[in-house]
Every structure is written in C-alpha cells, then in structure tokens.
Amino acid sequence: MRLALKVDVDTYRGLRFGLPRLLDLLGRRRLMASVYVAMGPDNSGRAIRRFFSQKGFTRKMLRGGALRLYGLRTALYGTLLPSPEIARSFPDLLRRVIAEGHELGVHGYDHVYWHDRLASLPEGDVATEIDRALSVFREIIGGDPEGFAAPGWQCSAASVACLDRGPFVYHSSTRGTYPYRPRIDGVEGKLPEIPTTLPTLDELLGLGIGQDDALERIRRSLSEDDLNVLTMHAEVEGGPCLDAFTALVDRLRPTTRFDRLIDVAHELSVARLPVVPVTQGTRPGRAGTVSCQIA
Ligand SMILES: [Zn+2]
C-alpha cells in the first residue's frame with residue numbers, strides 16, 4: 001500500500017508544539033512526510049467569524065473540541081491578541097523539516113484570509129498572498145518550495161492561474177481520488193494536483209467519533225491499489241491525538257510505503273494527466289465547502 005502523509009501547519013501553536021512531536025515520531029521510524037506551513041500571521045481568532053456565518057461551525061467547535069485542540073490563545077489571535085508570525089517565529093523548525101529529509105512546502109500566507117476570502121479574491125490579491133508566502137520561505141530556506149497546499153482546500157480559477165506562474169512543481173489543494181490537472185471556471189491548470197484522498201481525523205472528530213474509532217475508519221478507507229493521501233494537522237495528530245496516531249502508523253508500517261508528495265509528483269507524467277473539473281463540495285464533519293475533484 002502507498003500512503004503520502006501531508007502535514008498542514010495552520011497555527012503558531014501547531015508549529016511550536018505539534019510539528020516537533022510529529023517530526024520526532026517520524027524520525028524514530030525513519031518515515032518521510034510532506035509538511036506545509038502557513039508562512040504569515042496566525043489570525044485564527046478571526047476564523048470565529050465562521051461561527052456566525054456558517055452552519056455547522058458551532059457544532060464542529062463543540063464536538064471536535066476545537067478549543068482543546070487549538071487552545072484559548074489561538075482562538076484570540078488576530079482579535080483580542082495580536083497575530084503572531086508563524087514561520088518567522090520558528091525558522092530553525094522549518095530548516096529541521098528539510099534537514100531530516102522531509103519535504104517543506106507552503107500552506108499559504110494568511111491561512112484564515114485565504115480560507116474565508118479566496119472565492120471572491122481577484123487574481124492580483126491571490127498573487128500577493130502567494131508572493132508574500134514565497135518571500136518568507138526564501139528568507140528562511142534560501143530557495144523555492146516545490147509544493148503548495150491551499151489553506152482549507154480552497155481553490156479558484158485565480159489561484160490555479162497564479163500557482164502556474166510560480167516556482168511550484170505541483171499543488172495539493174483539493175479533495176479527490178487521483179492526481180490530475182484541474183479545470184475551474186474555464187481556467188485549465190498546468191501543474192499536477194495531488195488531492196487528499198482520505199477523510200481527516202479532525203473531520204471524524206467533528207462528527208463526534210472517538211479518536212481510536214476515527215483512526216480505524218481512516219485505516220479502513222485506505223486503498224490497496226491507488227495512491228492514498230492523508231492530510232494531518234500539526235495541532236491534532238501532533239497534539240492530543242498523537243498516541244492514537246502513532247498506533248495507526250505502527251499498524252500500517254509493515255505493509256505500507258510512505259512517500260512524500262514531491263516524490264509522487266516527480267513520477268507523474270504531466271502531459272498524460274487527465275484534466276478534471278473542480279467544484280465546491282462538502283465533507284462530513286467539516287464546516288463550509290472545500291474544492292473537490294469531480295469523480
Ligand atoms: Zn490548513
């Protein structure tokens with residue numbers, strides 16, 4: 001079985017506490033993963049806006065124990081508390097990701113802004129977000145990233161067009177079943193898109209499922225024949241769910257090849273990838289909509 005682990009780091013707390021724990025776990029087992037960090041400020045507190053504007057967010061907050069996962073300070077960043085810089089606060093941690101053989105990619109600049117506003121942003125504003133993220137990445141790493149993972153799986157015609165002009169080799173910004181090139185609102189992307197194929201642990205927790213049962217459900221969703229991509233959150237799998245996640249990894253290890261997404265991307269023949277339309281859809285346990293490959 002083939003599984004690519006995609007670790008999204010959305011918050012200051014996730015980078016500071018969650019990512020080192022996940023790196024320790026992966027390092028002890030000599031497993032490689034792809035890590036995508038939000039390069040700009042942590043404005044998580046502003047996501048509270050979703051509390052008022054989206055059905056299901058309150059339920060997710062309560063059932064998923066979002067406050068326990070993300071902490072009270074995180075819930076106030078960008079509102080009552082100033083927004084701390086995520087990547088710039090821990091440059092050594094970003095360099096550690098690469099030094100230990102993992103892939104380091106970009107998870108946008110301002111995660112909350114991209115997540116909540118992308119659908120209505122003109123191309124110029126999207127390009128500014130990507131340029132800001134790239135300049136932080138270059139400042140810390142001294143080179144360009146190869147992978148981009150959209151915050152909150154939010155894509156638009158503008159984001160696909162902007163990413164095509166950047167240094168990226170691929171993106172992983174949708175939910176779907178197999179690698180493809182996206183078509184959104186008449187724009188056909190040139191870069192390969194490697195979608196997240198599995199439900200995420202935080203979604204299953206959001207449905208009120210306990211962490212052991214949730215991880216068992218993820219295990220049962222794995223495909224024997226096709227590439228599996230699991231998105232993890234540094235705040236979740238690297239936080240209160242670390243032990244349960246470790247047990248899942250150990251159970252899978254004997255029969256699974258763990259790959260980085262960049263390794264998958266290098267194997268793809270871009271010219272032969274199918275072009276598939278992308279649309280907004282829902283996922284059980286997740287508030288709002290995400291960009292989905294049409295099956
Ligand atoms: Zn994210």
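Guide: Let's start at Pro91, which is partly exposed with a relative accessible area of 25%. Here buried means under 20% relative accessible area, exposed means over 50%, and partly exposed is in between (1.4 Å probe, protein chains only).

Visitor: Before we go on, what kind of model is this, and how are residues numbered?

Guide: This is a predicted model, where local features need pLDDT of at least 70 and side-chain atom pairs count only at pLDDT 80 or more, while totals for chains, interfaces and linings use all residues. Residues are numbered from 1 along each chain as its sequence is written, and side-chain values use heavy atoms, leaving out hydrogens and water.

Visitor: Thanks. Where does Pro91 lie?

Guide: Pro91 lies in helix α5. Helices (H or I, at least four residues) and strands (E, at least two) are DSSP runs, numbered from the N terminus. The C-alpha atoms of Pro91 and Val136 are separated by 9.7 Å, with the two residues 45 apart along the chain.

Visitor: Let's switch to α1. How many residues does it have, and how far does it reach?

Guide: Helix α1 covers residues 12-28, so to speak a run of 17 residues, and reaches 24 Å from its first C-alpha to its last. That is close to the 24 Å expected at 1.5 Å a residue; the expected span is 1.5 Å times one less than the number of residues.

Visitor: And where is the kink in α1?

Guide: A kink of about 40° lies at Gly18, shortly before the proline Pro20. The bend at a residue is the angle between axes fitted to the seven residues ending there and the seven starting there.

Visitor: Which residues of α1 are buried, and what covers them?

Guide: Tyr12, Gly14, Leu15, Gly18, Leu19, Pro20, Leu22, Leu23, Leu25 and Leu26 are buried in α1.

Visitor: What comes after α1?

Guide: α1 is followed by Arg30, placed in the loop between α1 and β2. Phi of Arg30 is near 55°, a positive value in a residue other than glycine. Arg30 is exposed, with a relative accessible area of 75%.

Visitor: I was also looking at Asp185. What is its phi, and is it buried or exposed?

Guide: Phi of Asp185 is near 45°, again positive in a residue other than glycine. Asp185 counts as exposed at 72% relative accessibility, and its place is in the loop between β6 (181-184) and β7 (187-188).

Visitor: How about helix α8? How many of its residues are buried?

Guide: In α8 (residues 157-165), 8 of the 9 residues are buried, which leaves the helix mostly covered. The buried ones are Ala157, Ala158, Ser159, Val160, Ala161, Cys162, Leu163 and Asp164. Their cover includes α6 (111-117), α7, β4 (147-148), β5 (170-171), β6 and β7.

Visitor: Last stop, Val290. Where is it, and what is it in contact with?

Guide: Val290 is in strand β11 and is buried, with a relative accessible area of 2%. Leaving aside neighbours within four places in sequence, the contacts of Val290 include Gly152, Trp153, Arg175 and Thr279, where contact means heavy atoms within 4.5 Å.
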